[in-house]
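Q: Hi, I'm new to this one. Could you walk me through it?
A: Happy to, let's bring it up.

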Number of protein chains: 2
Amino acid sequence: MVYSEVSHLECSKCKAKYEHNQVLNLCKCGKPLFVKYYLDNLANEWNKDSLKNREPSLWRYHELLPIVHKENVVSLGEGMTPLLRMDQMGSELHINDFYLKDESIIPSGTFKSRGAAVGVSKAKELGIQTIAMPTNGNAGASWAAYATRAGIKTKIVMPESAPTIPRNECFMTDADLYLVDGLISDAGQIIGKAVQKYDWFDASTLKEPYRIEGKKTMGLEVLEQLNWEIPDVILYPAGGGVGVIGIYKAILELQEIGWITEKLPRFVVVQSDGCAPIVRAWEENKRESDFWEDAETVAFGITVPKALGDFLVLDILYNTDGCAMAISDDDMLKEQKHLAAMEGIYICPEGATTIAATRKLRENGWIKQNDKVVAINTGSGIKYPEIVESKIPMLQKDEEL
Amino acid sequence: MVYSEVSHLECSKCKAKYEHNQVLNLCKCGKPLFVKYYLDNLANEWNKDSLKNREPSLWRYHELLPIVHKENVVSLGEGMTPLLRMDQMGSELHINDFYLKDESIIPSGTFKSRGAAVGVSKAKELGIQTIAMPTNGNAGASWAAYATRAGIKTKIVMPESAPTIPRNECFMTDADLYLVDGLISDAGQIIGKAVQKYDWFDASTLKEPYRIEGKKTMGLEVLEQLNWEIPDVILYPAGGGVGVIGIYKAILELQEIGWITEKLPRFVVVQSDGCAPIVRAWEENKRESDFWEDAETVAFGITVPKALGDFLVLDILYNTDGCAMAISDDDMLKEQKHLAAMEGIYICPEGATTIAATRKLRENGWIKQNDKVVAINTGSGIKYPEIVESKIPMLQKDEEL
């Protein structure tokens with residue numbers, strides 16, 4: 001078998017087709033492109049047993065990833081993050097099988113490294129030399145690390161108010177980093193102009209077709225970790241929404257190659273109530289979202305006022321009988337602390353929105369006790385020291401406890 | 001086969017034997033205890049192929065770990081961290097096979113979680129209800145997380161000058177945390193008195209016999225990842241030295257069960273020149289170290305003025321034709337930045353000492369071009385925002401690049 005069964009790219013909206021061995025951003029119609037595979041070949045020639053001896057990284061699914069030549073793979077050891085049972089929390093919420101897909105345990109401590117690993121590997125394969133992107137922090141940190149490992153330059157613009165640690169990561173891994181006195185949408189404007197002016201590749205969310213494939217591996221892993229049994233509910237904290245788009249794509253592809261049944265999980269998209277454009281659109285039964293004015297939340301990673309892939313996320317909610325929910329900063333921070341104190345798992349505020357949403361959806365009966373529920377934690381709590389308010393008693397050397 | 005082939009505990013110095021199903025700290029003679037296994041059984045009944053279908057965590061080696069009943073395993077998804085090739089750095093240093101065992105990719109972002117996972121699991125198995133320990137930060141963070149997951153209380157004393165993030169982790173995961181105006185040795189004094197006064201289990205480094213077994217799994221993994229070929233050189237940044245003791249123990253045990261050849265790697269123990277008691281002892285050809293006065297270094301995790309297991313670490317250096325080396329703060333910080341900018345891997349300052357030592361040992365010919373070299377990075381650079389000094393240009397919304 002070949003290393004990758006990639007066949008071509010296809011517009012997620014107008015279905016126009018493109019060859020995969022060229023540098024591409026959006027479709028001519030302005031919408032994101034999806035990578036397509038020879039799923040027939042995979043259905044005939046690939047089987048689950050082939051995974052058994054493979055390394056525990058996202059590259060174990062290389063047939064369903066877009067890198068044609070193995071030597072172009074750029075890796076920092078990403079993927080096969082743990083799927084942790086939350087038995088204490090499950091007991092509190094009366095959910096028999098409650099899991100956390102913990103994307104803390106990955107290079108740079110967030111799921112952004114999945115998109116970066118695959119996106120940068122493909123960029124390397126296509127001969128791209130400079131990557132440019134706006135970021136709320138973590139995506140830039142991941143792309144800078146992988147690009148540096150690949151010998152590719154990065155130009156990154158980040159809001160000044162973004163957390164310190166991703167800024168440090170960009171600096172340490174040698175990105176050309178700039179701060180902007182504004183939001184990620186302002187950073188996006190600056191990058192948009194720059195990629196017109198210079199010969200840089202625009203790796204903004206969904207303007208770059210390959211990061212979805214990286215995020216897709218979260219779905220492949222969850223399915224493999226559940227022994228190919230499809231969960232009933234998957235909760236995801238959405239900014240740009242690439243993760244949920246990727247996980248849904250993984251499920252459809254696995255169904256087409258016959259590894260899983262036709263059942264679909266109900267997807268729950270969770271946002272902060274300080275920036276909830278997709279939730280508002282879903283509540284109004286719309287197919288696209290409107291720009292969210294004056295976005296503000298501690299969950300910096302999901303502060304995205306208008307996502308390019310909003311229509312895809314909303315489609316998933318409508319197709320799977322899913323729902324969308326906004327969580328207050330106060331509730332997500334309480335839930336973050338509560339989970340850490342209960343299960344020892346210190347997740348990021350974005351991830352904590354999914355626990356808060358599970359609580360509400362269990363209370364109103366939307367989630368049932370027998371539902372198998374998977375919450376996606378997109379990153380580690382340790383990356384956000386700014387939001388911790390602790391008071392610790394101080395002892396002198398000769399004092400006793 | 002049984003889940004664990006643990007047989008008993010044995011003093012690392014006087015060889016006194018103890019049953020394993022009881023709460024133990026040090027030997028009566030005051031020295032650390034080692035866990036022993038029925039290696040004959042393992043030689044006869046266990047084989048490498050049995051690992052193939054196991055989960056990518058340190059529990060894949062459960063036969064060589066001390067937890068008797070699987071249901072006592074407390075896990076946050078630790079182990080099988082990546083062994084990354086450093087081709088750029090290898091090329092610069094003229095080393096053909098240069099690897100980093102990257103312990104960033106683990107719960108809490110440091111290798112301390114290996115010791116905590118196994119130590120807390122065994123504490124749970126033995127019915128311990130409260131654990132107490134001094135820490136320079138990361139060990140406390142890991143033990144607090146695992147103990148909370150196990151339903152065990154933790155009492156932790158940490159130097160006030162320890163980094164912020166581990167403090168946050170202890171706070172978030174509900175440890176009873178105290179700061180002390182002093183060093184880890186002062187914290188140790190306070191804990192020492194407290195465990196006399198209360199019914200708390202003293203989980204100080206090497207006073208607790210099971211964390212070595214957790215650290216041992218770094219060695220098991222490196223060997224498995226190198227397809228059971230023994231590297232020529234292993235470099236390790238030593239504070240308490242448990243990691244190097246564990247890795248060496250792993251190699252001896254694998255040799256005894258016949259999975260690897262009799263060759264030994266040359267071990268290199270690296271310390272900061274602001275706290276280098278083991279390096280000084282090795283240079284003076286001593287079997288034990290003296291207390292290092294006025295210890296000070298940015299590599300907080302290896303600021304240990306006098307390690308309980310110093311004699312074991314020195315034995316390893318003498319037994320394996322190894323060596324010890326002290327690195328300045330300036331050199332380790334430069335190497336940390338250089339590696340991040342070259343390979344995209346953002347390691348901790350402690351880990352960076354091993355890269356600096358490799359450079360010096362290559363220059364003086366102690367490491368040869370054809371040596372297979374493994375450097376242990378004990379944790380993630382992102383946990384140390386305090387030591388990053390970056391200057392990032394600032395843009396206004398309407399500016400261009």
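Q: Let's start with B:Cys29: how accessible is it?
A: B:Cys29 is partly exposed, at a relative accessible area of 39%. Partly exposed lies between buried, under 20% relative accessible area, and exposed, over 50%, using a 1.4 Å probe and protein chains only.

Q: Before we go on, what am I looking at?
A: This is a predicted model, where local features need pLDDT of at least 70 and side-chain atom pairs count only at pLDDT 80 or more, while totals for chains, interfaces and linings use all residues. Residues are numbered from 1 along each chain as its sequence is written, chains are lettered from A and ligands numbered from 1 in the order in which they are written, and side-chain values use heavy atoms, with hydrogens and water left out.

Q: New topic: how many residues of chain B are in contact with chain A?
A: 65 residues of chain B are in contact with 65 residues of chain A, contact meaning heavy atoms within 4.5 Å.

Q: How much area do the two chains bury between them?
A: About 6,100 Å², of which 66% is on carbon and sulfur atoms. Buried area is the accessible area (1.4 Å probe) that two parts lose on being put together, summed over both. B:Arg149, B:Met172 and B:Leu401 supply 13% of what chain B buries against chain A, more than any other three residues.

Q: How many salt bridges are there between the chains?
A: Six between chain B and chain A, each a side-chain nitrogen of Lys or Arg within 4 Å of a carboxyl oxygen of Asp or Glu. One salt bridge joins A:Arg149 and B:Glu343, whose closest N and O atoms are 2.7 Å apart.

Q: Last one: is B:Lys372 buried or exposed?
A: B:Lys372 is buried, its relative accessible area being 15%. Beyond neighbours within four places in sequence, B:Lys372 is in contact with residues including B:Asp97, B:Tyr99 and B:Glu229.
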